[in-house]
Amino acid sequence: MSHRTLPRTAQEAAAPPPVTAPTATAATAAASTAAAAATAPTAPALAASAPTAAVAPPTVAPAAPRPAGRSVWPASAAPLTHGDVALAGVPLTELADRFGTPAYVLDEEEVRRRCRGYLQAFPGSDVYYAAKAFLCRAMVHWVQEEGLGLDVCSAGELELAVTTGFPPERIVLHGNAKSPADLRTALRLGVGRIVIDSTSEIARLAAAVPAGSRQKVLIRVVPGIAAGGHAKIRTGTDDQKFGLSIADGSAQHAVTRVLNQPRLELAGLHCHLGSQITTAKPYLSAVRRLVGLLARIREQHGTALTELDLGGGHGVAYRPGEPVLDVAALGTRIRAELVRSCAAAGLPVPRLAIEPGRAIAGPAGVVLYRVLAVKRTGAHTFVAVDGGMSDNPRPALYGVRYAPRLVGRASPAAPEPVSVVGRHCEAGDVLATDVQLPGDIRPGDLLAVPVAGAYHLSMASGYNLVGRPPVVAVADGHARLLVRRESLADIQERDIGL
């Protein structure tokens with residue numbers, strides 16, 4: 001089945017043409033032109049008993065001209081008849097029938113393409129996938145096979161990766177408050193880098209390193225740069241919990257203490273500015289400030305550090321028309337600024353590292369919901385679904401806005417503004433406000449929400465004892481279960497009782 005762009009509907013807002021780099025990568029091209037909505041019939045249901053099933057080629061609607069605007073759907077999304085949509089050749093209605101709802105659907109090729117795009121955009125650099133965005137054993141395999149490293153934040157993420165076969169020397173451990181178990185696990189498994197986030201961590205880590213060995217570390221620096229899509233996801237300023245400040249001398253003090261620890265090897269500096277950053281400017285400012293610190297370290301200690309990790313935070317679009325960080329252009333500009341700044345300071349150019357998470361997993365995911373109720377109260381229409389803040393707390397946490405669409409039936413009704421709300425006992429359990437859905441939306445309808453691959457399952461909770469949804473991978477017309485649905489039995493087994 002060919003990959004065709006889904007035709008625009010009234011549910012999609014107009015979007016500006018995507019920004020392209022001088023040398024566009026497959027990943028950035030896919031992110032710029034991926035598909036978005038349409039209408040079509042349900043193909044035969046997948047066999048519920050088979051763990052992996054091939055799907056007969058669905059009937060694809062006539063190809064529409066590719067819109068100039070940017071879409072938020074994976075590149076493989078294609079319209080079918082009767083309002084259905086296929087992802088990697090698998091109709092979404094069949095996935096909902098087979099696996100139930102809510103369900104996360106992950107396009108494997110979209111993940112892989114984005115991994116490859118980062119390696120092309122940052123040649124000669126280390127690209128670490130940020131596991132906090134989404135992690136499961138299959139994701140570990142995909143990331144490893146595409147040649148990326150891994151960035152983890154706990155012993156749990158680390159253990160899952162290593163027991164899946166990921167080489168520990170290609171893993172970086174983060175955390176502003178690492179537990180003794182986190183550090184013991186990292187040292188036991190031989191993690192490649194540990195990022196020091198506070199001065200109190202230095203002696204504790206050094207004491208845990210076995211005699212006769214050394215642990216490579218990075219120091220997380222706060223460069224004093226405000227960047228990110230919301231105050232709660234900005235981490236490059238001195239008024240938040242991460243890192244050590246350049247401005248007040250904490251970073252320089254930490255450098256001195258690490259260099260005096262014989263069991264620690266200071267490999268370089270790290271910083272992370274925040275999340276949902278859509279321009280290169282903050283990263284270029286960070287390069288200049290960190291190179292300035294590298295120059296002072298060499299002047300004070302005679303040491304030229306060899307690694308510089310700029311973290312992640314690369315912005316993606318959740319709705320058509322929203323800005324997206326141009327990864328290819330970012331790679332070119334960061335490398336040029338790093339070379340220029342180091343030349344001006346008389347420093348060797350350190351090895352660069354970055355840590356994308358959302359930008360790899362987010363646009364590759366779609367979440368499916370079933371409508372349970374439609375309520376019209378005054379001027380407001382509420383469409384309640386069978387999920388909510390237990391499987392996606394992000395709208396409640398920092399106001400993220402999504403673009404849900406009806407799939408599985410073609411509606412003749414004109415679109416109307418509605419709020420898509422969850423099933424939980426919170427007024428703030430709202431998944432999408434003021435979105436356009438057909439005026440005849442009704443219970444039983446299927447809604448699909450794109451850009452659901454990052455910070456959904458990883459932040460899911462057990463609120464109201466609603467089990468967490470499954471994760472389903474689609475590729476080449478096949479669907480397979482990656483993470484099963486959390487059952488009531490799973491929840492009850494953890495409750496020991498009186």
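Is the crossing of α9 and α10 left-handed or right-handed? The crossing is right-handed, meaning that the near helix is turned clockwise from the far one by less than a right angle. Please note that this is a predicted model, in which local features need pLDDT of at least 70 and side-chain atom pairs count only at pLDDT 80 or more, while totals for chains, interfaces and linings use all residues. Residues are numbered from 1 along each chain as its sequence is written, and side-chain values use heavy atoms, with hydrogens and water left out.

Helix α9 covers residues 281–301 and helix α10 residues 327–345; their axes are 9 Å apart and form an angle of about 30 degrees. Axes here are lines fitted to C-alpha atoms over the stretch in contact, and angles run from 0 to 180 degrees between N-to-C directions. Helices are DSSP runs of H or I with at least four residues, and strands are runs of E with at least two, numbered from the N terminus.

Contact means heavy atoms within 4.5 Å. Among the contributors are Y283, L284 and V287 of α9, and L330, R333 and I334 of α10.

I turn now to F122, located in the loop between α3 (108–121) and β6 (126–130). At 2% relative accessibility F122 counts as buried, that is, under 20% relative accessible area with a 1.4 Å probe, protein chains only. Leaving aside residues up to four places away in sequence, F122 touches V127, V327, L330, G331, I334, L352 and I354.

Finally, the protein chain has 13 helices and 22 strands, and 57% of its 498 residues count as buried.

Definitions and conventions:
Buried means under 20% relative accessible area, exposed over 50%, partly exposed in between (1.4 Å probe, protein chains only).
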